[in-house]
Structure formats: C-alpha cells, structure tokens
Amino acid sequence: MTRFLDLVRPVAGTALMSEWLTGTAERSRLAADTVVGEWAAAGTPSGRLAQHVFLSTDGTRLLFYAQWTSDEDHLAWARAHRAGAVSRIDTLVPGIERPGLTRTRLTRSVVHDADRPVGVYVVSTVAVGDDGLAAAVAPAPGLLAAHVHLTPDGEQAVVVAEWTDAAAHEAASHETAAPGDVGYRRYTLHRAFEDDRRESVDPKGVPGSTG
C-alpha cells in the first residue's frame with residue numbers, strides 16, 4: 001500500500017479530514033466510487049491540490065483527506081458547490097451520516113521505517129501537551145511512521161500512523177490504551193486523486209492506475 005508521504009502535497013496550506021458513516025462495506029464502496037466519479041467529472045476547483053479517500057477496515061465508514069492551498073479557497077468552493085455534490089451522492093446512498101470536518105495542518109512526520117510497505121493506516125486524535133501525542137509517535141513494533149496534524153487552535157493533534165498490519169497495531173494498542181478506550185480508526189487507502197488530473201494511486205490496479 002502507498003506510503004502516506006507519497007500522498008502529501010508540500011505546498012498545501014490546509015489538510016481537511018472528514019468521516020462519512022455509511023454502515024456497510026457495500027455502501028462505503030458505492031459512496032467512495034461515486035465521489036471519485038464526481039471528482040473526475042468536475043472541473044478542478046481553484047485551490048484544491050489533492051483528495052484521497054480511505055475505507056475503514058470494518059467497512060462502516062469512509063475517511064476523506066483533502067489538501068487545499070488555504071481554508072479560504074476551500075470555503076469558497078464549499079459555499080458554491082458542496083451542497084450539489086453531496087445531494088447527488090445521497091440520492092444513490094441515502095442515510096450517510098457526516099459528523100463534521102476537521103481542519104488541520106501537517107506539522108511533522110516521524111518516520112521509523114521508510115522501506116517496508118504499510119498495511120493499515122491508523123487515525124487518532126489526541127490532546128497536545130499530554131502523554132498521548134508522545135506515545136502516538138514513539139517507536140513500536142510494526143509502527144512505520146506517524147504524521148502529526150495540528151488543529152488551528154493548536155490544542156489537538158490528529159495523528160495518521162502507518163503500521164505494517166492491523167495485528168501489530170492491535171498488540172501495541174492493548175499495551176497503551178485504557179480499558180474500553182478505542183481512540184482510533186483503522187483504514188486502507190481506496191483512491192488517491194491529485195488535481196493535476198492524474199489519478200496517482202489506485203491500490204486495486206484498475207485501468208488508469210500508475211501505481
């Protein structure tokens with residue numbers, strides 16, 4: 001699977017993350033493929049650099065990771081076009097829940113192993129200044145890298161971590177998490193779409209893939 005830094009556009013001024021709760025793997029894939037179709041068919045919005053979609057390993061949700069030149073450019077597009085794009089998707093996949101959008105900026109990447117392939121991405125949100133952030137980026141068996149995104153107020157960090165596989169992350173999370181605490185989601189990359197109109201990553205190997 002593609003490494004996270006291959007998805008990063010260094011000139012991005014903001015990284016937007018949002019979850020869609022779909023309920024089933026079939027609905028997740030239909031929603032994801034419909035969104036990708038919308039991206040491919042629409043004109044390139046001013047300021048959007050890349051848009052990637054991840055499937056949760058339990059099949060119940062999607063994660064969107066978008067990179068824009070600025071929050072202002074994204075807000076201008078959202079005011080003019082988001083409602084129409086979402087309504088077309090909701091016609092095909094009704095009942096999607098959208099808890100909201102998190103605005104962040106990638107501030108640092110801690111890479112422990114740059115060579116091994118990633119098996120699963122793990123996304124967690126931790127408070128800045130407590131032990132949770134240090135633990136999220138500390139070396140652990142199977143942890144390849146951790147990418148820290150700060151929210152605009154600087155109080156929270158969204159960490160996108162790359163692991164060799166779910167089993168390695170499961171073993172590590174049992175050692176560090178409090179009982180009953182599941183402060184993370186596991187994902188695999190479904191599509192990566194860059195706005196030079198080149199679909200740079202297609203893990204399924206369908207026509208159009210260059211990776």
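What follows is a short chat about aromatic pairs, one threonine and the nonpolar cores.

Visitor: Experiment or prediction?
Guide: This is a predicted model.

Visitor: OK, rings. How many aromatic pairs does the structure hold?
Guide: Six aromatic pairs. Trp-39 and Phe-64 make one of them, and that pair is edge-to-face. The centres are 6.2 Å apart, with 80° between the planes.

Visitor: Which parts does that pair tie together?
Guide: Trp-39 sits in helix α1, residues 25–41. Phe-64 sits in strand β3, residues 61–68.

Visitor: Are Trp-39 and Phe-64 buried or exposed?
Guide: Trp-39 is buried, at 7% relative accessible area. Phe-64 is buried too, at 5%.

Visitor: And what about Trp-68 and Trp-77, how do those rings sit?
Guide: Their centres are 6.0 Å apart and the planes meet at 45°. That angle falls between the 30 and 60 degree limits, so the pair counts as tilted.

Visitor: How accessible are Trp-68 and Trp-77?
Guide: Trp-68 is buried, with a relative accessible area of 2%. Trp-77 is partly exposed, at 23%. The cut-off for buried is under 20%.

Visitor: Back to Trp-39. Which residues form an aromatic cluster with Trp-39?
Guide: Trp-20, Phe-64 and Phe-193. Together with Trp-39 they form one cluster.

Visitor: What lies over the face of Trp-20?
Guide: Arg-98 does. Its distance from the ring centre is 4.2 Å.

Visitor: Switching topic. Where is Thr-34?
Guide: In helix α1. Thr-34 is buried, with a relative accessible area of 14%.

Visitor: What is Thr-34 in contact with, leaving aside neighbours within four places in sequence?
Guide: Ile-89 and Leu-92.

Visitor: Now cores. How many residues has the largest nonpolar core?
Guide: It has 17 residues. Phe-4, Leu-7, Phe-54 and Tyr-121 have the most contacts inside it.

Visitor: Which strands supply at least two residues each?
Guide: β1 (14–21), β3, β5 (120–127), β7 (156–163) and β8 (184–194). The largest share, three residues, comes from β8.

Visitor: What does the second core include?
Guide: That core is separate and has 14 residues. Trp-20, Leu-62, Ile-89 and Val-93 are among them.

How values were computed: Residues are numbered from 1 along each chain as its sequence is written. This is a predicted model: local features need pLDDT of at least 70, side-chain atom pairs count only at pLDDT 80 or more; totals for chains, interfaces and linings use all residues. Side-chain values use heavy atoms; hydrogens and water are left out. Rings of Phe, Tyr and Trp (its six-membered ring) pair if their centres lie within 6.5 Å; planes under 30 degrees apart count as stacked, over 60 as edge-to-face and the rest as tilted. Helices (H or I, at least four residues) and strands (E, at least two) are DSSP runs, numbered from the N terminus. Buried means under 20% relative accessible area, exposed over 50%, partly exposed in between (1.4 Å probe, protein chains only). A charge sits over a ring if NZ of Lys or CZ of Arg is within 6 Å of the ring centre and within 35 degrees of the ring normal. Contact means heavy atoms within 4.5 Å. A nonpolar core is a set of buried Ala, Val, Leu, Ile, Met, Phe, Trp, Tyr and Cys residues joined through side-chain atoms within 4.5 Å.
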